[in-house]
Amino acid sequence: MKTIGIGLIGYGFMGRMHTHALKSLSLFYPEADFRARLVHICAHRAEAARDAAEREGWLRCTDDWRAVLDDPEVDAVSICTPNALHEEMALAAVRAGKHIYIDKPLSVDAESAWRIARAVKEAGVIGHMVMNNRFTPAMLRAKALVEEGRIGHLLSAQARYLHSGSIDPGKPIGWKQGAQGGALLDMGSHAVDLIAMLAGWPEAVFCASRTLYPSRPTPSSGMTDALAEDMAVALMRMPGGAIATVEASKIATGSNDDLTIELRGDRGALSWDSMQPNYLNFYDATLPEAPLGGLRGFTAIETVGRYPAPGGGFPPSKNAVGWDRGHIHCYYTFLDCVAHGRPSPCGIEDGARLLSVLDAAKRSAETGRWEDLIRNSESGIRN
């Protein structure tokens, strides 16, 4: 059985999530022909790194991320740091010959993201962007339905990702509300990515955004006006003429972690709500109308925990899925590609394309104009 040594850089919320996913793989995929080995963890403080290593079973720990890359037993590196640090760490990891598993967004802008994508391609390593929502059973089933032609020609698409954590004007900001963050990068990335996965990459985007307050408190008891947007709404022109809408907001009163997506075509439609994650709703427009409705109408497909083998056995496939399950399958997919030398289905180039869309949306919010995109290009982000 192949053993893949893992290094992890950054042990905040997402670092803990990556560790949870890695430690869960042997339980959820007992028949996999590879295993992950927790080799080297880096945290900002040496004390935090030692605590994580002792508690979670990492073999070595450090507060110097370069030590992780210098470790010959590390084959693949998780990068779980703030966005502005991604490029330097990713490029160094690639130069060290490591495969990379990098949290979204890939970087802070498209130019930086494409540098990472080119480096990954030139080095011949495997890069995977963490897009956990792609790897829920419902979204995997949605992709299969689209590829089977069950939706037909796309007419429209909508995706919304809503939080309410930035409504309080007295709450100190985190780095995600500063220049390297914002609702578009943090949540719009997930919404745009799901539309791209199911319907292709947009050709042009028009966006409006809002920053709720002119200034906010900082963790050090000061105030700052260097704030990113709290919400954004974008229109996207899709291949074939469909219009997609994306909303990302951290000031959506009453929301928790609400991600929804809808696709409507000339043969069918589908919808999914992350707060009701076990069912994908599908409408087959090819069924005939009939008295009392016949069989026409939305069907709730019970995707639940029905991953294909070697997943889906633990817990039983009829058990409800949770938010972390998509992360676990996302990490499994990456390591399966590493173990068998296959390109990732959620590769670094997708991450760079995504940043191209988000950059165009930000430009549009500033200019008030539609912004065109260069599709499938590694060299530029605008016409």
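Predicted model: local features only at pLDDT ≥ 70, side-chain atom pairs only at ≥ 80, totals over all residues.
A disulfide is a covalent bond between the sulfur atoms of two cysteines. To count as one here, the two sulfurs have to sit within 2.5 Å. Take C80: the closest cysteine sulfur belongs to C42 and is 11 Å away, so the gap is too far for a bond.

Strands of a sheet pair through backbone hydrogen bonds, either parallel or antiparallel. In this model, nine strands make up an open sheet with mixed pairing, in the order 16-15-14-13-7-12-11-8-17. Strand 16 (298–302) and strand 17 are the edges, each pairing on one side only.

Strand 7 (residues 154–162) runs parallel to strand 12 (residues 243–249), with seven bridges between them, and L162 faces S249 across this pair. Strand 8 (residues 204–210) pairs antiparallel with strand 11 (residues 231–237), also over seven bridges; here A208 is opposite V233. Strand 8 also pairs with strand 17 (residues 371–372), antiparallel over two bridges, and A204 stands opposite D372.

Helix 7 (residues 183–199) lies across strands 7, 8, 11, 12 and 13, at about 155° to strand 12. Helix 9 (residues 348–367) packs on the sheet as well, touching strands 8, 11 and 17, and its direction makes about 60° with that of strand 8.

Definitions and conventions
Residues numbered from 1 in each chain as written. Heavy atoms only, no water. Pairing = 2+ DSSP bridges. Helix = DSSP H or I, 4+ residues; strand = E, 2+ residues; numbered from the N terminus. Contact = heavy atoms within 4.5 Å. Axes fitted to C-alpha atoms, helices over the stretch in contact; angles between N-to-C directions.
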